[in-house]
Amino acid sequence: MSRDRSPRKSSGPRRPRGLGRSALTAASVTVLSVTASGCVVVHGEREVLPGATKSEAARALRDFTAAYNKANGANDPSLDADRVTGALGDIDGAKLKAGGRNQPGGNPNYVPLKLTDTEFTIPRKAGWPRWFVTDSKANKGRAEDRWLMVFTRSDADEVWQVSYLTISSAEEIPAFKKNADGWAEPVTANAADLAVAPGKLPQQYATYLKDGGSTFADGAHTTKWRADRAKSAARPGLAQQYIDEPLTSGDYAPVGLRTADGGALVFFTTRHYQKQTAAQGVPINISNADVEALMTGDPKQSLTLESVSNQAVLDPPKSASDQRIKFLSRIQGLTAAKGE
């Protein structure tokens with residue numbers, strides 16, 4: 001079932017030493033060639049087309065949900081490995097890897113995910129990769145929450161995979177800009193009419209977490225996270241070091257949709273490292289089963305936690321009075337742990 005949300009009136013990367021897709025919005029000329037048999041061939045990679053048909057998108061969602069439920073019920077990442085990629089692939093894969101070690105017989109308490117009332121937002125674009133966004137009600141979490149997922153593939157021979165997942169209340173999800181046929185409009189990585197070009201958001205966020213600033217609005221994923229880091233760094237006998245890096249290539253590349261107010265909803269990825277180094281005689285206590293399950297080495301003196309985070313943010317137009325980037329949601333997952 002699809003909901004019609006009309007515009008509102010109010011409007012692989014390298015690890016650091018020591019620690020271990022851009023949407024084209026400009027219309028292209030369709031190139032035709034004549035084969036030896038006289039047939040006309042349309043080069044879809046140069047033609048501006050919807051990323052998927054609505055029936056194809058619905059099938060992709062069903063296929064993903066079926067694989068996701070099998071993998072999570074069995075604690076086996078191989079069962080949905082061909083249906084996830086990018087940030088979600090890293091987060092989901094590590095979670096299931098840890099789950100498989102902690103519950104090797106599967107998760108008997110797993111409640112299968114059920115997605116209903118889905119709206120498909122499909123942008124028109126030229127070339128590959130192509131992608132679309134689903135917005136669904138889930139049988140998990142708060143009643144007001146919606147699950148937004150980005151499905152992507154790099155050519156017509158691949159299956160659709162989910163690269164981004166964000167969970168947000170329905171009231172916070174913006175109305176998207178659509179043409180008369182209902183197709184959405186993607187934003188380019190270097191869009192100059194937004195507060196921050198989408199392609200620069202990963203680095204801007206990594207820089208903000210280190211140095212602060214006014215690029216991002218205050219909230220749980222900005223000012224509060226920085227404050228929590230500062231507090232943990234003050235723990236006696238245990239030094240804390242944080243390194244944040246942008247992920248910008250392949251299925252980690254930022255993708256965004258134009259919103260009805262002239263801004264954009266952008267999804268992007270970052271990787272984070274937290275290194276704890278203990279003073280002489282101070283133990284490193286590990287009380288998290290997932291950390292233990294993903295651990296390599298022995299944390300005699302230090303422990304490095306690696307995680308991947310996928311963000312969904314509202315990037316306002318440059319004409320807006322408030323130019324700060326506002327977080328819709330952020331999902332972060334542990335992907336590795338190393339003891340030394």
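A salt bridge is defined here as a side-chain nitrogen of Lys or Arg within 4 Å of a carboxyl oxygen of Asp or Glu. The structure is a predicted model, in which local features need pLDDT of at least 70 and side-chain atom pairs count only at pLDDT 80 or more, whereas totals for chains, interfaces and linings use all residues. Residues are numbered from 1 along each chain as its sequence is written, and side-chain values use heavy atoms, with hydrogens and water left out.

By the above criterion, 19 salt bridges are counted. One of them joins Glu185 to Arg258, with an N to O distance of 3.9 Å. This pair connects distant parts of the chain, 73 residues apart: Glu185 lies in the loop between strand E8 (161–169) and helix H3 (201–211), and Arg258 in strand E10 (residues 255–258). Helices (H or I, at least four residues) and strands (E, at least two) are DSSP runs, numbered from the N terminus. Glu185 is partly exposed at 26% relative accessible area, whereas Arg258 is buried at 11%; buried denotes under 20%, exposed over 50%, and partly exposed the range in between (1.4 Å probe, protein chains only).

Strand E13 (residues 302–315) is largely enclosed by the rest of the structure, because 13 of its 14 residues are buried. Strands are taken to pair if DSSP finds at least two bridges between them. E13 pairs in the antiparallel sense with strand E11 (residues 264–278) over 14 bridges, and twelve bridges join E13 to the antiparallel strand E14 (residues 326–339). Lys326 in E14 is the bridge partner of Leu314. Lys326 also forms a salt bridge with Asp322, their closest N and O atoms being 3.3 Å apart.
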